[in-house]
Amino acid sequence: MSSFSLLFGPNGWGGLLLEGAVVTILLAVTTVPFGFGGGLALAVLKLSPNRVVRTFCDAYTTFFRGIPDLLSLFIVYFGLQALVDRLSKVLQLDGHLELSAFVAGVIALSVVMTAYSSEVWIAALKAVPSGQSEAAKSLGLDPRRTFLLVLMPQLLRIALPGLGNIWMVLLKDTSLISTLAVMDLLRAAKEAADNTTRPILFYSAAAAVYLVFSIASGIVQGKLEQRANRGYA
């Protein structure tokens, strides 16, 4: 069969690749609020006056930035499954509860992205002049509104380039979930390659899709940075 038929023919593998691409995007998008939100929370804790809290946060960052992301995935997946099994026994639940590989992937990637994004957020927090908070307080804004209306817009403007780079890393790291038999883009390409003995064709197709995602992400990031920096010289 021709390459076109293998990809787009009636019995082609293009549909499976498309489904895998959708899973890849869903995995990355689902991870973002947890990974970036957790990173912001971790950055705030790193600036805590409590030495124990700071030490724990630094240890967390050092650990998950220092080990391979694939190993983090395995630790979370098998560790959470063991925890679920233990809770099932304690609560005397009937049947075996199995942790979804997709959920495990989201949690593992969120844990890793939290560690990486916290460094971006903490640099942004330190870059915002302290006078901004003092000015907001003098206007009668409470801490919550000060953070949301005064600090957060400035944090986003400063952090966007770094967070954009982490998003690119996350987009590629989603391929790690294929080791848990989740049908993402890379797993779909592997299935097609194994069944047709045409690995170059399908892995090249997967690479092309990842490149499209990366280029589209770069365009969106550029637009967001342009909007965030409007009014700044």
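**View 1. The lining of the largest pocket, by class, has 11 nonpolar, 4 polar and no charged residues.** Here Ala, Val, Leu, Ile, Met, Phe, Trp, Tyr, Cys and Pro go down as nonpolar, Asp, Glu, Lys and Arg as charged, and the others, Gly among them, as polar. This is a predicted model, where local features need pLDDT of at least 70, side-chain atom pairs count only at pLDDT 80 or more, and totals for chains, interfaces and linings use all residues. Residues are numbered from 1 along each chain as its sequence is written, and side-chain values use heavy atoms, with hydrogens and water left out. The largest pocket holds about 330 Å³ of space. Of its 15 lining residues, Phe36, Leu160, Leu163, Gly164 and Leu224 sit closest to the centre. A pocket, on a 1 Å grid over the protein atoms alone, is an open set of points where a 1.4 Å probe fits, with protein on both sides within 12 Å along at least five of seven lines; lining residues have an atom within 4 Å of a point. The volume is the space filled by probe spheres set on the points, which are joined across faces, edges and corners.

**View 2. Helices α2, α7 (143-173) and α9 (199-228) each bring at least two residues to that lining.** The biggest share comes from α7, with 7 residues. Helices are DSSP runs (H or I, at least four residues), numbered from the N terminus.

**View 3. Helix α2 (residues 14-46) packs against helix α8 (residues 185-196) at about 160 degrees, axes 7 Å apart.** Axes are lines fitted to C-alpha atoms over the stretch in contact, and angles run from 0 to 180 degrees between N-to-C directions. That makes α2 and α8 roughly antiparallel (angles over 145 degrees). On the α2 side, Leu16, Leu17, Gly20, Ala21 and Thr24 make the contact, and α8 answers with Leu185, Ala188, Ala189 and Glu191. Contact means heavy atoms within 4.5 Å. Sorted by class, that's 6 nonpolar, 2 polar and 1 charged residues.

**View 4. Glu225 is a residue of helix α9.** With a relative accessible area of 23%, Glu225 is partly exposed (between buried, under 20%, and exposed, over 50%, using a 1.4 Å probe and protein chains only). Skip the neighbours within four places in sequence, and Glu225 touches Leu160 and Pro161. Its C-alpha lies 9.1 Å from that of Ile158, 67 residues away along the chain.

**View 5. Gly218 also belongs to helix α9.** Gly218 is partly exposed too, at 32% relative accessibility. From Gly218 to Lys46 it's 30 Å, C-alpha to C-alpha, and 172 residues in sequence.

Technical notes. Angles under 35 degrees count as roughly parallel, over 145 as roughly antiparallel, 65 to 115 as roughly perpendicular and the rest as oblique.
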